[in-house]
Amino acid sequence: MKNFIAGFLAGILVLITGVLGYLRLGLLDARSDAAIPDWTARFLYSGIHASVRRTAPKLQNPLPQSDETLIAGGKLYLNDCVGCHGEPGKPPSDFGATFYPPAPQFPRVGTKYSEAEVFWVAKHGIRRTGMSAQGSSYADPKLWSLAAFISRFPNLPPHVWEEIQRKSAM
Amino acid sequence: MKKFVFGFVAALIVLPVGGIAYFALGFSPIRADAKPSALETALLRSAVRASVRRSAAGVPSPPAANDDDVVAGGKLYVLGCQGCHGELGGAYQEDTDLYPAPPQLPHAGTQYSEPELYWIVKHGVRMTGMSAYGPFYSEKELWSLAAFLHRIDKLPPGMIEKIRAK
């Protein structure tokens, strides 16, 4: 048993030294414009979602489920999110693709997150990604309208998007 | 001896599996509006530095930059970088919305060389908010930006005004 423990401790030591050495020697690729391997992307996205699921309070969207809510959220999306996450009816964002991991293109893929989870992510951001916390810029009701809007992708009612573009053009 | 080897192998299995499970099950904190620990910052910052140094080693030396190049790079900075990295000539204000926080370059300056700065802007730094700008800037623009960034905390007097002039 004593030998087992000694071996275990030696294993820990070797692992830590190995990881530190790997990092210190600069062997970890730092580029964000390298293609992300499929398994890495899946691992990261699922771990992030698991953490959000665990952390985000399970709240109901306090706003009414109305076109007005979606339009308010859509205007916010158009102002602040399309640069990385893509615009409905347009090709995927080139800029969003230059992050590692890349920014998900919501208008195409939608999201598996609940509205409460989208709200939480928009408010607090995701560390070690390009997703910054928006809670210092926007009050909760704004972020709830955004969550309602993003949750409707990729099946956004067309008249809602037309209305948003009309309003933002004015 | 056999038991020692068993223990050794067990550690090599248990630690990675534990780490992967910790992350996959969602125990790893994810919110960006927090500050990384000093240990995490030191570890990852030195890893990025070492990786950039290694990767940028093959980048040719920069073309000699004159004042016009620095001004041109400064203009690019004002348009594309200062939103996260700090306003040129502005007061120090830490960004607490991204994790890790982007360095506030006008105040902190940088320890990276011009070829390394060129490389970082071109390729980005993964798992940070620093995306790759290679698709959006020409080689000349990347080099002028690198020349500017290298001098950002010690610009000669009057340079900021020149950069801000339309």
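User: How much of chain A counts as buried?

Analyst: Of its 170 residues, 45% count as buried, the term meaning under 20% relative accessible area with a 1.4 Å probe and protein chains only, while over 50% is exposed and the range in between partly exposed. This is a predicted model, in which local features need pLDDT of at least 70, side-chain atom pairs count only at pLDDT 80 or more, and totals for chains, interfaces and linings use all residues. Residues are numbered from 1 along each chain as its sequence is written, chains are lettered from A and ligands numbered from 1 in the order in which they are written, and side-chain values use heavy atoms, with hydrogens and water left out.

User: What is the secondary structure of chain A?

Analyst: Chain A has eight helices and zero strands. Helices (H or I, at least four residues) and strands (E, at least two) are DSSP runs, numbered from the N terminus.

User: Why is chain A called more spread out than a compact globule?

Analyst: Its radius of gyration is 21 Å, whereas the globule rule gives 15 Å for 170 residues; the value is well over the rule, so chain A is more spread out than a compact globule. The radius is taken over C-alpha atoms, and the rule is 2.2 Å times the number of residues to the power 0.38. Along the principal axes, the C-alpha atoms of chain A fill a box of roughly 70 × 35 × 25 Å.

User: Why is A:Thr129 called buried?

Analyst: A:Thr129 has 9% relative accessibility, and therefore counts as buried under the 20% limit. A:Thr129 lies in the loop between α6 (115-124) and α7 (140-151) of chain A.

User: Which residues does A:Thr129 touch, beyond those up to four places away in sequence?

Analyst: A:Thr129 touches A:Ile48 and A:Pro101, and in chain B it touches B:Leu98, B:Tyr99, B:Met127, B:Thr128 and B:Gly129. Contact here means heavy atoms within 4.5 Å.

User: What makes A:Ser93 a buried residue?

Analyst: The relative accessible area of A:Ser93 is 12%, so the residue falls under the 20% limit and is buried. A:Ser93 is found in the loop between α4 (82-85) and α5 (106-109) of chain A. A polar atom of its side chain lies 2.7 Å from the backbone oxygen of A:Gly83, and a polar atom of that side chain lies 2.8 Å from the backbone nitrogen of A:Gly96.

User: How is the pair A:Asp29 and B:Arg126 known to be a salt bridge?

Analyst: A salt bridge is a side-chain nitrogen of Lys or Arg within 4 Å of a carboxyl oxygen of Asp or Glu. The closest N and O atoms of A:Asp29 and B:Arg126 are 3.6 Å apart, so the pair meets that limit. The count between chain B and chain A is two salt bridges.

User: What area do chain B and chain A bury between them?

Analyst: The size of an interface is often given as the accessible area lost when the parts come together. Here the two chains bury about 4600 Å², 64% of it on carbon and sulfur atoms; buried area is the accessible area (1.4 Å probe) lost on being put together, summed over both parts. In chain B, B:Ile30, B:Arg126 and B:Met127 lose the most area to chain A, together 17% of what that side buries. In terms of contacts, 52 residues of chain B meet 51 residues of chain A.

How values were computed:
A polar contact is a pair of N or O atoms within 3.5 Å; within protein, one must be able to donate a hydrogen and the other to accept it, and residues adjacent in sequence count only if both atoms are side-chain atoms.
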